[in-house]
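Open the model in your viewer and get ready to select residues by number. We will go stop by stop.

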Amino acid sequence: MRTVLITGCSSGIGLATARHFAARGWRVFAGARSPETATDLSTAAAELGLHIVRVDVTDDASVAACVAEVIAAAGSIDALVNNAGIGGGGPVELASLDRGHTTFETNYFGPVRMMKAVLPHMRAQGSGAIVNISSLAGRVCLAGHGHYAASKWALEAITECVASEVASFGIRVALIEPGVVLTPIFAKSSTPLTAYAPYEAAIRRLWKLFGKQLEKPTQPADVAQAIEHAIETNEPRLRYLVGADARTLTAGRGSVSDEQWVEAQAHRDDDRFYEAMERLMGAGVFR
Ligand SMILES: NC(=O)c1ccc[n+]([C@@H]2O[C@H](COP(=O)([O-])OP(=O)(O)OC[C@H]3O[C@@H](n4cnc5c(N)ncnc54)[C@H](OP(=O)(O)O)[C@@H]3O)[C@@H](O)[C@H]2O)c1
């Protein structure tokens with residue numbers, strides 16, 4: 001039986017991925033930083049035989065203890081899914097550096113810590129797969145999304161470097177880049193728009209994008225499917241966009257110059273902004 005370790009399984013994509021792999025016969029170690037409050041995960045564990053492991057990806061000792069626990073119990077780790085992450089961003093002028101540090105500790109250094117802990121085992125066994133959950137925001141920069149986007153761009157860069165470093169040891173590394181996915185991540189951000197003055201327009205447009213996509217969202221199970229594909233396919237790729245919005249926005253961004261992209265977002269009037277985006281990507285992305 002193959003073993004997968006997944007971080008951030010208390011809700012959303014992590015929980016769906018733990019369920020997905022267990023249903024396909026994997027031995028699943030589902031990471032949670034507070035297992036005692038992860039009630040949906042406990043229910044899934046009882047139903048599907050998941051092993052819950054405590055791990056806070058911002059904490060070196062916690063990561064080391066988690067990986068040691070999995071190796072002791074299972075003998076090996078065949079796949080690692082770095083899913084734990086936090087949202088949020090805000091205009092750069094207003095976002096606190098503390099929040100920026102926390103975002104990077106979680107979304108960037110978290111996966112790096114996990115990879116550093118797991119790679120010696122995978123290298124010794126001469127096989128393994130690592131899947132890092134990035135985001136559409138790791139490909140496309142939108143105003144108001146600063147630290148989150150930066151953390152995912154950093155994750156994209158290091159993942160490409162690591163993939164190149166470990167391929168010759170038989171280890172596969174991939175990035176999953178979902179668009180908007182229906183998970184609790186959005187409910188965790190409740191700052192009122194007025195707190196973003198004078199950058200309300202950027203945040204309003206971001207929430208408009210999220211709201212529009214959440215009308216017919218990509219589901220966490222769709223992301224789980226893409227993660228499994230990245231691990232199992234005989235024709236592995238480095239990057240996998242998940243969701244029509246991720247594909248449309250990435251293609252739209254790729255069709256214009258950097259300067260045109262900045263200019264398109266600089267319209268003060270919302271309608272002119274939406275019209276500029278619709279010229280790039282068609283209707284249905286923002287409204
Ligand atoms: N939802 C989307 O639209 C979307 C789109 C693209 C990419 N993503 C990415 O997908 C991943 C999962 O997000 P989600 O949407 O499923 O959100 P979610 O439901 O909020 O899940 C995030 C998970 O990460 C955990 N986590 C946060 N900080 C942690 C830490 N320091 N150590 C360990 N676990 C920690 C959370 O645990 P707690 O319950 O303890 O907070 C939770 O289990 C993230 O990397 C996110 O950036 C999401």
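**Stop 1: two helices side by side**

Select Asp60, Val63, Ala64, Val67 and Ile71 in H3, then Arg113, Met114, Ala117, Val118 and His121 in H5: these two sets meet. Contact here means that the C-beta atoms of two residues, placed from the backbone, lie within 7 Å. Sorted by class, the residues of this contact are seven nonpolar, one polar and two charged. Ala, Val, Leu, Ile, Met, Phe, Trp, Tyr, Cys and Pro count as nonpolar; Asp, Glu, Lys and Arg count as charged; the others, Gly among them, count as polar.

A word on what you are viewing: this is a predicted model, where local features need pLDDT of at least 70, side-chain atom pairs count only at pLDDT 80 or more, and totals for chains, interfaces and linings use all residues. Residues are numbered from 1 along each chain as its sequence is written.

Now show the whole helices. H3 covers residues 60-74 and H5 covers residues 109-125. Their axes are 9 Å apart, and they pack at an angle of about 30°. Axes are lines fitted to C-alpha atoms, for helices over the stretch in contact, and angles run from 0 to 180 degrees between N-to-C directions. The crossing of H3 and H5 is right-handed.

**Stop 2**

Keep H5 on screen. It lies across S4, S5 and S6, and runs at about 175° to S4. Now colour the strands. In what order do the seven strands of the open sheet come? The order is S3-S2-S1-S4-S5-S6-S7, with parallel pairing. Strand S3 (51-54) and strand S7 (239-242) are the edges, each pairing on one side only. On average, neighbouring strands are turned by 20° against each other, direction ignored. Two strands pair if DSSP finds at least two bridges between them. Strands of a sheet pair through backbone hydrogen bonds, either parallel or antiparallel.

**Stop 3: along the strands**

Walk across from S2.

- Select S2 (residues 27-32). Five of its six residues are buried, so S2 is largely enclosed by the rest of the structure. Buried means 20 or more other C-beta atoms within 10 Å of the residue's own; exposed means 12 or fewer; partly exposed is in between; the C-beta atoms are placed from the backbone.
- Four bridges pair S1 with S2 in the parallel sense. Look for leucine 5 opposite phenylalanine 29 in S2.
- Next, S4. Strand S1 (residues 3-6) pairs with S4 over three bridges, in the parallel sense. Here isoleucine 6 stands opposite valine 81.
- Stay on S4 (residues 79-82). Are its faces covered or open? Both are covered: Ala79 and Val81 on one side, and Leu80 and Asn82 on the other, are all buried.
- Move to S5 (residues 128-133). Four bridges join S5 to S4, and the two run parallel. Leucine 80 has isoleucine 130 as its bridge partner in S5.
- Finish at S6 (residues 171-178). Six bridges join S6 to S5, again parallel. Alanine 129 stands opposite arginine 172.

**Stop 4**

Select isoleucine 77, in the loop between H3 and S4. Why does isoleucine 77 count as buried? Because 23 C-beta neighbours lie inside 10 Å. Residues up to four places away in sequence aside, isoleucine 77 touches Thr3, Leu5, Val70, Ile71, Val118, His121, Met122 and Gly128.

Go to glycine 179, in the loop between S6 and helix H7 (200-214). Glycine 179 is buried, with 26 other C-beta atoms within 10 Å. Beyond its neighbours within four places in sequence, its contacts include Leu136, Val242 and Leu249.

Now jump to glycine 282, in the segment after helix H11 (270-281). Buried or exposed? Glycine 282 is exposed, with 10 other C-beta atoms within 10 Å. Draw a line from glycine 282 to leucine 249: they are 33 residues apart in sequence and 9.8 Å apart in space, C-alpha to C-alpha.

Key:
Left-handed = near helix turned anticlockwise from the far one by under 90°.
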